[in-house]
Amino acid sequence: TGLGLKISEFIVDLSGGILPLAIVLVGITSYILGMGLTVTSSYIILAVLAVPALTLLGIPGLAAHLIVFWFSQAANVTPPVCLAAFAGAGIAGAPPMKTGWQSLLFARGFLIIPFMFAYHAAFILAEPFHIVLLQYIFVGLGLVALGCTFKGCFVVEMKLWERALSAVGAFLLFSTSYLFNVLGLLLVVLVYLYQRFVSGKHKYEEVKAEIEAS
């Protein structure tokens, strides 16, 4: 259809020059390509079609290629063609397609990393070492908190308000502002401590009572 040659222009026009929206559109494109291509093939095609759009919106070339490469990993866990998931299913003797969908759910955290490449210069090693290390720690903790939020369990099963606080804390940890990073860290630590010493204690007493009753 000739659409491939116009992908860059299409992404820029449809996003209206809004960088986060452009990254989302690149992610959707990679998701579609990942349904039938390997990681390498998906990256090569996206490098030609999507990188020019990202650089046009002001993203450094290295960061643009890293965004595209990271999104290309979706090919490994995107049914109906998800080679890594199918290989794991073969080793485990599990249903291939069910394993593929479960892998996609487990890998949802990878959708956050391309935004880090776009907004955190530390992720392309363009900052001093101590800043790079600090940003990696903040983002790493944010990914852990986000994973716990999705799964609904930190130390024990999380209540709705605990999941909400954990989600807010996670996204604050992804921020480029150190003030927001510290606030996010405090929220995540607060949820952890509450889970560890309040919710966890109540859960332990409930389980103990059930065992004694049986």
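Predicted model: local features only at pLDDT ≥ 70, side-chain atom pairs only at ≥ 80, totals over all residues.
Residues count from 1 along each chain as written. Local features need pLDDT of at least 70 and side-chain atom pairs 80 or more, while totals for chains, interfaces and linings use all residues, and side-chain values use heavy atoms, without hydrogens or water.

Let's start with α6 (residues 83-92) and α7 (residues 96-106), whose axes are 8 Å apart at an angle of about 125 degrees. Helices here are DSSP runs (H or I, at least four residues), numbered from the N terminus. That angle makes the pair oblique, the label for whatever is left after under 35 degrees (roughly parallel), over 145 (roughly antiparallel) and 65 to 115 (roughly perpendicular). On the α6 side, Ala-85, Phe-86 and Ala-89 meet Pro-96, Met-97, Thr-99, Gly-100 and Ser-103 of α7, contact meaning heavy atoms within 4.5 Å.

Now look at the loop between α5 (61-72) and α6, where you'll find Pro-79. Pro-79 is buried, with a relative accessible area of 4% (buried means under 20%, with a 1.4 Å probe and protein chains only). Leaving out residues up to four places away in sequence, Pro-79 touches Met-35, Met-97, Gly-100, Trp-101 and Leu-104.

Finally, the core. The largest nonpolar core has 38 residues, being a set of buried Ala, Val, Leu, Ile, Met, Phe, Trp, Tyr and Cys residues joined through side-chain atoms within 4.5 Å. Val-68 is among those with the most contacts inside it. Beyond its neighbours within four places in sequence, Val-68 is in contact with residues including Val-26, Tyr-43 and Leu-54.

Notes:
Axes fitted to C-alpha atoms, helices over the stretch in contact; angles between N-to-C directions. Helix = DSSP H or I, 4+ residues; strand = E, 2+ residues; numbered from the N terminus. Buried < 20%, exposed > 50% of the residue type's maximum accessible area, 1.4 Å probe, protein only.
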